[in-house]
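Thanks for asking me to look this one over. Here are my notes, in the order in which I would read them with the model open.

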Amino acid sequence: MRLVLLTASTGLAILTGLTELLRRRRLREKYAALWLVTAAFVVALSLYPSGPDLVAGLLGVRSGISLVLFLSVVFLLSICMHLTWEASRLDDKTRILSEEIALIRLERETGDQSTSPLPSGPVVLVPSPDGRHGHDG
Amino acid sequence: MVTTVERPVLVVVPALNEADCIRAVVGEIRTALPAADVLVVDDGSTDATAARARAAGALVASLPYNLGVGGAIRLGYRYAAARDYHAVVQIDADGQHDPRYAHALLDRLDAGADLVIGARFAGEGDYAVAGPRRWAMVVLGTVLSWLSGTRLTDVTSGMRAASRPLVEVFAVQYPVEYLGDTVETLAMAARRGFRVRQVPVAMRTRAGGRPSQRPLRACLYLVRVLLAVLLALIRR
């Protein structure tokens with residue numbers, strides 16, 4: 001019983017923290033769903049610590065703990081991959097912004113916008129020869 | 001987009017804290033290529049680089065913070081693409097490139113090439129390296145020569161010239177990572193069917209000293225070269 005208390009309080013603390021972050025709009029909407037589902041899992045797991053054993057049996061995994069560990073490692077790795085992707089994308093965006101600033105500064109100095117204006121349309125975000133990134137969406 | 005004065009060539013000079021020699025470099029470029037415009041891309045310098053370059057008669061684009069050589073050069077290509085320049089010449093701001101060789105690069109462009117590298121080991125000049133740094137250059141040279149179908153001996157040279165079609169490609173896709181600006185751009189150009197060629201140029205001793213020859217630094221460089229080559233090969 002003490003185990004359930006420990007896990008349940010941890011799960012609830014995480015859920016509270018997440019809800020608060022979402023409520024204060026500190027997390028973007030796209031992450032909200034992800035974290036709410038995660039929090040629900042954590043709470044469910046903390047209330048029924050023996051639950052994973054049933055699923056593990058069905059999947060042929062020897063113990064529920066192994067299954068939980070495996071799934072959490074996979075989950076954390078994918079989050080990390082997503083965040084590095086996101087960081088690269090943001091880096092490209094700020095890079096383009098700073099390029100724009102430099103070009104605008106130059107234009108303002110030379111004051112010859114009339115002769116040949118730089119294109120003012122959106123910049124295609126292609127950070128590397130990896131063309132797949134394509135337009136920013 | 002009609003320009004009254006013909007401005008076919010843009011010389012892009014990426015500069016980071018080069019206040020000491022930027023004036024001389026810009027002056028030399030303007031003497032060697034009187035018809036060309038000089039764009040100094042000030043890559044977040046904290047000294048008087050921008051002001052001195054402007055005083056020397058260059059256009060100056062000041063980046064708000066440091067983007068690295070690749071980022072600075074991409075800005076140059078974006079500018080060149082937007083302003084209808086026919087060719088871009090890249091020259092380093094530290095004075096190691098002799099702008100008089102820019103003519104050789106531009107002539108080679110006219111003779112039918114899209115990317116011309118000013119190579120330090122192709123007969124002229126007295127630039128020599130040894131150890132892991134040398135091996136790194138051999139690896140680079142071999143892989144990129146194979147990719148581009150011509151013998152390239154100095155792929156990390158920052159003195160280059162690019163034709164208009166390539167300028168348009170580089171304006172939207174210019175690798176900005178370490179070594180990407182030299183190695184990956186070559187691979188990109190070659191893979192897209194652009195003609196890559198090299199011409200011999202002499203290099204002067206850099207004002208800031210030669211590249212480090214310390215073994216550890218040189219080995220790290222070799223590792224980064226291998227990574228850059230790997231990325232260049234697997235990226236589209």
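This is a predicted model: local features need pLDDT of at least 70, side-chain atom pairs count only at pLDDT 80 or more; totals for chains, interfaces and linings use all residues.

1. Residues are numbered from 1 along each chain as its sequence is written, while chains are lettered from A and ligands numbered from 1 in the order in which they are written.

2. Chain A has 4 helices and 0 strands, and its pattern along the sequence reads α-α-α-α. Helices here are DSSP runs of H or I with at least four residues, strands are E runs of at least two, and both are numbered from the N terminus. Of the 137 residues in chain A, 8% are buried, meaning that 20 or more other C-beta atoms (placed from the backbone) lie within 10 Å of the residue's own.

3. Two residues are in contact if their C-beta atoms, placed from the backbone, lie within 7 Å.

4. UniProt, in an unreviewed entry, places a "transmembrane region" at residues 31-51 and 63-85 of chain A; its positions follow the numbering used here, feature names are shortened, and annotations may be inferred rather than shown by experiment. In the model, residues 31-51 of chain A are 86% helix and 0% strand, with end C-alpha atoms 26 Å apart. Residues 63-85 of chain A are 96% helix and 0% strand, and there the end C-alpha atoms are 34 Å apart.

5. In chain A, helix α1 (residues 2-23) packs on helix α2 (residues 29-47) at an angle of about 165°, with the axes 8 Å apart. That makes α1(A) roughly antiparallel to α2(A) (the label for angles over 145 degrees). Axes are lines fitted to C-alpha atoms, for helices over the stretch in contact, and angles run from 0 to 180 degrees between N-to-C directions. The residues of this contact divide into 14 nonpolar, 4 polar and no charged. Nonpolar covers Ala, Val, Leu, Ile, Met, Phe, Trp, Tyr, Cys and Pro; charged covers Asp, Glu, Lys and Arg; the others, Gly among them, are polar.

6. Chain B contains 8 helices and 7 strands. Buried residues make up 51% of its 236 residues. Among contacts in chain B between residues at least 6 apart in sequence, 77% join residues at least 24 apart.

7. Helix α5 (residues 132-148) of chain B and helix α8 (residues 215-234) of chain B pack at about 15°, their axes 8 Å apart. That makes α5(B) roughly parallel to α8(B), a label used for angles under 35 degrees. The contact includes Trp135(B) and Val139(B) of α5(B) and Tyr221(B) and Leu222(B) of α8(B). By class, the residues of this contact are 14 nonpolar, no polar and 1 charged.

8. A further partner of α5(B) is helix α7 (residues 180-191) of chain B, at an angle of about 20° and with axes 8 Å apart. The two helices α5(B) and α7(B) are therefore roughly parallel to each other. Among the residues in contact are Leu140(B) and Leu144(B) of α5(B), together with Val183(B) and Leu186(B) of α7(B). This contact divides into 7 nonpolar, 1 polar and 1 charged residues.

Notes:
Angles under 35 degrees count as roughly parallel, over 145 as roughly antiparallel, 65 to 115 as roughly perpendicular and the rest as oblique. A residue is buried if 20 or more other C-beta atoms lie within 10 Å of its own, exposed if 12 or fewer, and partly exposed in between; C-beta atoms are placed from the backbone.
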